[in-house]
Amino acid sequence: MISSWRRRRAHRRAGKEQPWGENTDMELTIPGHFRCPISLDLMKDPVTFSTGITYDRESIETWLEAGNQTCPITNQELKSLEPIPNHAIRQMIQDWCVENRSHGIERIPTPRIPVTSAQVSELLRKITMASEREDEAGCLKLVTKLKALAKESDRNKRCIVANTTGSVLSAAFDIFSKVSFDRNAAVLEEILSTLALLFPLDREAKSYLQSSASLHCMAWFLKCGDLSGRRNSVLALKDILSSDESRVESFSKIEGALEALVKLIKEPICPTATKATLMVIYHMVSRSFPNEAIIERFVDMGLVSLLLELLVDNERSMCEKAEGVLDGICSSEQGIEKAYNHALTMPVLVKKILRVSDLATEFSVSIIWKLICKNEKREEASVVVVEALQVGAFQKLLLLLQVGCADRTKEKATELLKLLNLHRDRLECVESMDFKNLKRPF
């Protein structure tokens, strides 16, 4: 907020023009004791400490979170780090705003009192007791209250996370999952919705969500839940499957789980859910356990076409994740076969080189290398080579070596250039629009 407010014409509020004369451009100065000593802005939530100095809550909490335990003005050590709301100053500031509303100043709202660690601990204790009693209605009410507190402010959210809330909610989710999905659907969905505000989870919280009952419950939400339930489930799966390879395999064996993931890409809910879905699939197709059968199932569901359509026109993060999944799928024979037969494969992959990010470039080169070099004896490989030359792959790979890349990518690019060079004399390369002004030394 600026340190002074320029007077606005009164007729903007009154609906009629009033003559201000020479006072139109007068400036209204904020009283000094209404300003935060740290930010020098008008205080929205004034709080006081043992030193008697009043600060804006957001500014002083930022100071304390940096590890400071002294008063910024007096440099005295603070006896307590819990700020005390200064209602008197806040009321004075609100009255001042009301008095000067004709100058364009809006009244600051009365701030909510932030939640304390003691309140969070008590709420979590009640949630634990309700879940142990399998009290679905009582637990639902408590979790709803906790979620509302987390949404009120970032300060509340940090306090809630710091009190191991993720572990308590994950344990409750595991308990209700073992009882019945249908009967406890409301509380299970509310827990997932609250957990989505607290990611990433700690190891203990993940251990509860990685149980067989919890995984089956999240798969059930993916298949039968509403949009919110499906979104929150895939966000949770993204967080918990990244740290345990065995759980990835267990989840992939749940009936209908893979189909539900592909449906999230085919019928997207939101970009965040789509990205989370791609990450879950990436863990399935790129891990060390035998995943040939999983890849074949994804290919049969039309995942290759969906990924290539995502790559046509999307932002950086989405492209990186889609290419990562496609790279994993092209590690199998059926994935390679499907990529060969899709018209968008080579044009899209070549276009993404040096156009999105270093990671996207590495994935593009890796996929092209698998299509051409790793399977050069296949009959389709010669067709792909011609197509690659036509869309300017040779120029882009050459430029990639010139600008630099990771060693592994450099090796693949070099191998591709050697193979493509053997066919250049039989085919005139079509000049890529990306390099129409590039002076080629060859």
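**Close-up views of a predicted model**

In this predicted model, the count of cavities of 30 Å³ or more comes to one.

**View 1. The largest cavity and the helices that line it.** The largest cavity has a volume of about 30 Å³, and the residues lining this cavity are Ala339, Tyr340, His342, Thr345, Met346, Leu371, Val384 and Glu387. Helix H18 (333-340), helix H19 (345-352) and helix H21 (379-390) each contribute at least two residues to the lining of the largest cavity. By residue class, the lining of the largest cavity consists of five nonpolar residues, two polar residues and one charged residue.

**View 2. The largest pocket and its lining.** Of the 27 residues that line the largest pocket, Lys44, Asp45, Asp56, Arg57 and Glu58 lie nearest its centre. The largest share of this lining comes from H2, which supplies six residues. The lining of the largest pocket divides into 15 charged, seven nonpolar and five polar residues.

**View 3. The second largest pocket, to which H2 and H6 each supply at least two lining residues.** The volume of the second largest pocket is about 320 Å³, and among the 16 residues of its lining, Glu61, Glu65, Leu81, Glu82 and Arg155 are the closest to the centre. Here the largest share of the lining comes from H6, with four residues. In the second largest pocket the lining is made up of six nonpolar residues, five polar residues and five charged residues.

View 4. An open sheet is formed by three strands in the order E4-E3-E5, and their pairing is antiparallel. Strand E4 (54-56) and strand E5 (84-85) are the edge strands, each of them pairing on one side only. Between strand E3 (residues 46-48) and E5, the antiparallel pairing extends over two bridges, and Thr48 has Ile84 of E5 as its bridge partner. Helix H2 lies across E3, E4 and E5, and runs at about 95 degrees to E4; H2 is also the element that gives the largest share of the lining of the largest pocket.

**View 5. Helix H8 and the helices that cover its buried residues.** Helix H8 (residues 185-195) is mostly covered, with nine of its 11 residues buried. The buried residues of H8 are Ala185, Val187, Leu188, Glu190, Ile191, Leu192, Ser193, Thr194 and Leu195. The elements that cover these buried residues include helix H5 (136-152), helix H7 (165-179), helix H9 (203-209), helix H10 (212-224) and helix H11 (227-241).

View 6. Ser131 is located in helix H4 (residues 117-132). Because its relative accessible area is 3%, and buried means under 20% relative accessible area, Ser131 counts as buried. When residues up to four places away in sequence are not counted, Ser131 touches Ala172, Ile175 and Phe176.

Conventions: Residues are numbered from 1 along each chain as its sequence is written. This is a predicted model: local features need pLDDT of at least 70, side-chain atom pairs count only at pLDDT 80 or more; totals for chains, interfaces and linings use all residues. Side-chain values use heavy atoms; hydrogens and water are left out. On a 1 Å grid over the protein atoms alone, a cavity is a set of points where a 1.4 Å probe fits but cannot get out, and a pocket is an open set with protein on both sides within 12 Å along at least five of seven lines; lining residues have an atom within 4 Å of a point. Ala, Val, Leu, Ile, Met, Phe, Trp, Tyr, Cys and Pro count as nonpolar, Asp, Glu, Lys and Arg as charged, and the others, Gly among them, as polar. Grid points are joined across faces, edges and corners, and a volume is the space filled by probe spheres set on the points. Two strands pair if DSSP finds at least two bridges between them. Contact means heavy atoms within 4.5 Å. Axes are lines fitted to C-alpha atoms, for helices over the stretch in contact, and angles run from 0 to 180 degrees between N-to-C directions. Buried means under 20% relative accessible area, exposed over 50%, partly exposed in between (1.4 Å probe, protein chains only).
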